[in-house]
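This briefing is meant for a reader meeting the structure for the first time. Please look over the sequence and the model before going on to the points below.

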Amino acid sequence: MKPVEIKKDVYWIGAVDWNRRNFHGYSVAPMGTTYNNYLIMDEKVTLVDTVAEEFWGTLQCNLANVLGDRKIDYIVVNHLEPDHSGCLAKVVEKYKPEKIYTSPMGQKAMEAHFHYKDWPVEVVPTGSEINIGKRTLTFVETRMLHWPDAMLTYCPEEKIAFTNDAFGQNWATSERWADEVDRAKLEELMRFYYANIVLPYSPVVLKTLAALKEMNLEFDMICPDHGLMFRGDDCAWAMEKYQQYAEQKPKNRAVIIYDTMWHSTEKMAKAVAAGLADEGVSVRLMSMKSNHHSEVMLEVFDAAAVIVGSPTHNNGILPLMADMLTYMKGLRPQNKIGSAIGSFGWSGECVKVLTQWLEDMSMEVVEPVKTKFVPDHDAMEKCYEQGKAIAAAVKAKLG
Amino acid sequence: MPDQKERDPMQKYVCEICGYVYDPEVGDPDSDIPAGTSFDDLPDDWTCPICGATKESFVPED
Ligand SMILES: Cc1cc2nc3c(=O)[nH]c(=O)nc-3n(C[C@H](O)[C@H](O)[C@H](O)COP(=O)(O)O)c2cc1C
Ligand SMILES: [Fe+2]
Ligand SMILES: [Fe+2]
């Protein structure tokens, strides 16, 4: 895609990664992604972030296209993760910028990534301001959203916030603006991104949103580093969404996550699902053989109840469930009811191990059910009743 | 610097990695740390509830 002038002399110069499906190794990206970065043509030509290293060719074309015979004077580094700093060393080498601006933690991360000796790095803590000609840029540290070095860059004259990973979505499109695409799809992809990347830092999101409100900044454009940009009223829409996500209010939904060898645990899962559904709780059954852990996380994020199922396998649980639980625990979902199910043959550790994971995530645990080998009618009835018990707990929680 | 004995048990500590502030008045309920627990009395394996850093990453808040 060619550069897009988003305001006079302010350009989107990103790269669209149409074929990306694996996002950074831990999440899927079914619609691909983009690496957005921005170039401001002022007295000091300022580049905000770069793109992933493999798009160095695209970045050079975009830069040449907008720069003409001018050079880059300043670089602002909002976040050092390689999807945004992958071309930083090459840009520095080629354009020899006068200054590279970054957050206090960014300086440390930059040293640890690039091991440079003589880069003109300058730290810009929250509230500092630089003048680039007609415009100023101010900086707000967004530490730990989602890396220690993250910050956002705000241009008061244009009312633009360059927010890096915050408000991003993985979506490769020819459109650049949120108002040009299907809203439901956009929201789902934004939620997907949040559930898999930003979720553990929800307290920081709430703090940052409150701080932005306090600063009384006006927003005409929110420009994240992945996916579509927001303009006009959509800025408030995006912030409202983040407020909601960070609050993690559970919905009338349950997700049953399981793996199974000989389908006994799966049968149990279906009986639990029936119990939940009959009590009016929307339920999703997700086999770890059919779903990636990041897809499961999208469902966990909104659900009031999370039921995990595994047979006993070598005195523990099946590895795909261990993967899921490790991943889920790291993302620290809050305000959930949890329960466990599993079939076993002789030693039967499954539900004990699963329940420990739920407790480690501070879930409100509903009595688990385990079945020796193949569930009979009574065992299925017990699972159905468990589903109803979980539904009652969900109702109580939602009030 | 006041020595160990004079240290205020209600002193807040801030995580240098993520900026989380440990406030003894609040404790860390999510990790079963009751209100009133001074930073020094936190278990050695206690970690920052935001970024997971160990106690060494904390400095007194001024
Ligand atoms: C989503 C995500 C979460 C991370 N969480 C942590 C963390 O909790 N603690 C940490 O020290 N580093 C964390 N990191 C940083 C990585 O460990 C670091 O980027 C590392 O250099 C990546 O190594 P690799 O190139 O082998 O993947 C995280 C990185 C990402 C992308
Ligand atoms: Fe990132
Ligand atoms: Fe990113």
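Among contacts in chain B between residues at least 6 apart in sequence, what percentage join residues at least 24 apart? The share is 44%. The model discussed here is a predicted one, and it scores ipTM 0.74 and pTM 0.94.

**Chain B: fold and dimensions**
- Chain B has three strands and zero helices, and its pattern, read along the sequence, is β-β-β.
- A compact globule with 62 residues would have a radius of gyration near 11 Å, and chain B agrees with this because its own value is 11 Å.
- The C-alpha trace of chain B spans about 30 × 25 × 20 Å along its principal axes.

**Chain B: surface and burial**
- Of the 62 residues in chain B, 39% are buried.
- Chain B exposes about 3900 Å², of which carbon and sulfur atoms supply 48%.

**Chain B: confidence**
- The mean pLDDT of chain B is 89, with 90% of its residues reaching 70 or more.
- Strand β2 (residues 21-22) of chain B has the lowest confidence in that chain, at a mean of 94, whereas strand β3 (residues 58-60) of chain B has the highest, at 96.

**Nonpolar cores**
- The largest nonpolar core has 77 residues, and those with the most contacts inside it are A:Tyr242, A:Ile257 and A:Met328.
- Helix α5 (residues 183-198) of chain A gives this core its largest share, eight residues, and at least three residues come from each of domain 1 (4-247) and domain 2 (254-393) of chain A.
- Apart from this core lies another, of 31 residues, including A:Met41, A:Trp56, A:Leu67 and A:Trp119.

How values were computed
Residues are numbered from 1 along each chain as its sequence is written. Chains are lettered from A and ligands numbered from 1 in the order in which they are written. This is a predicted model: local features need pLDDT of at least 70, side-chain atom pairs count only at pLDDT 80 or more; totals for chains, interfaces and linings use all residues. Side-chain values use heavy atoms; hydrogens and water are left out. A nonpolar core is a set of buried Ala, Val, Leu, Ile, Met, Phe, Trp, Tyr and Cys residues joined through side-chain atoms within 4.5 Å. Buried means under 20% relative accessible area, exposed over 50%, partly exposed in between (1.4 Å probe, protein chains only). Helices (H or I, at least four residues) and strands (E, at least two) are DSSP runs, numbered from the N terminus. Domain bounds come from an automatic or database domain assignment. pLDDT is the predictor's confidence in each residue, from 0 to 100. The radius of gyration is taken over C-alpha atoms; the globule rule is 2.2 Å times the number of residues to the power 0.38. Contact means heavy atoms within 4.5 Å. Accessible areas come from the Shrake-Rupley method with a 1.4 Å probe; for residues, only the protein chains shown count as cover.
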